[in-house]
Amino acid sequence: MNEIASRCIDIIAKSKSIPADTITLASTFDELNVDSLDKINISFEVEEAFNVEIPDDALGTIKTVGDMVNGVAKLRAATATS
């Protein structure tokens with residue numbers, strides 16, 4: 001598992017008070033009982049951890065932990081090239 005994935009999983013685990021080893025990239029936010037407010041709070045932490053800005057309209061499209069990890073990777077790549 002890469003650094004982005006492990007850090008995202010740690011942030012989600014801490015936010016929901018669940019063991020990180022129970023979260024996979026395939027875990028959906030519904031399975032993890034992440035509601036819309038949780039998702040916003042998690043996104044703020046992820047933005048701070050990776051120094052990226054997640055567009056508000058992108059939050060609605062993030063359904064799994066893997067979606068979040070892929071989104072952060074794309075944002076970091078875009079930031080690195082600009």
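Tutor: Ser-17 counts as exposed, because its relative accessibility is 67% (buried means under 20% relative accessible area, exposed over 50%, and partly exposed in between, with a 1.4 Å probe and protein chains only). This is a predicted model, in which local features need pLDDT of at least 70 and side-chain atom pairs count only at pLDDT 80 or more, while totals for chains, interfaces and linings use all residues. Residues are numbered from 1 along each chain as its sequence is written, and side-chain values use heavy atoms, leaving out hydrogens and water.

Ser-17 lies in the loop between helix H1 (3-16) and H2, where helices are DSSP runs of H or I with at least four residues, numbered from the N terminus. Its phi is near 55°, a positive value in a residue other than glycine.

H2 itself spans residues 36-50 and packs with helix H4 (residues 65-81) at an angle of about 35°, their axes being 11 Å apart; axes are lines fitted to C-alpha atoms over the stretch in contact, and angles between N-to-C directions run from 0 to 180 degrees. In this pairing, Ile-42, Val-46 and Phe-50 of H2 meet Met-68, Val-72 and Arg-76 of H4, contact meaning heavy atoms within 4.5 Å. These residues divide into five nonpolar, no polar and one charged, with Val, Ile, Met and Phe among those counted as nonpolar and Arg among the charged.

Asn-51 has a positive phi of about 55° although it is not a glycine, and it counts as exposed because its relative accessibility is 69%.

Definitions and conventions. Helices (H or I, at least four residues) and strands (E, at least two) are DSSP runs, numbered from the N terminus.
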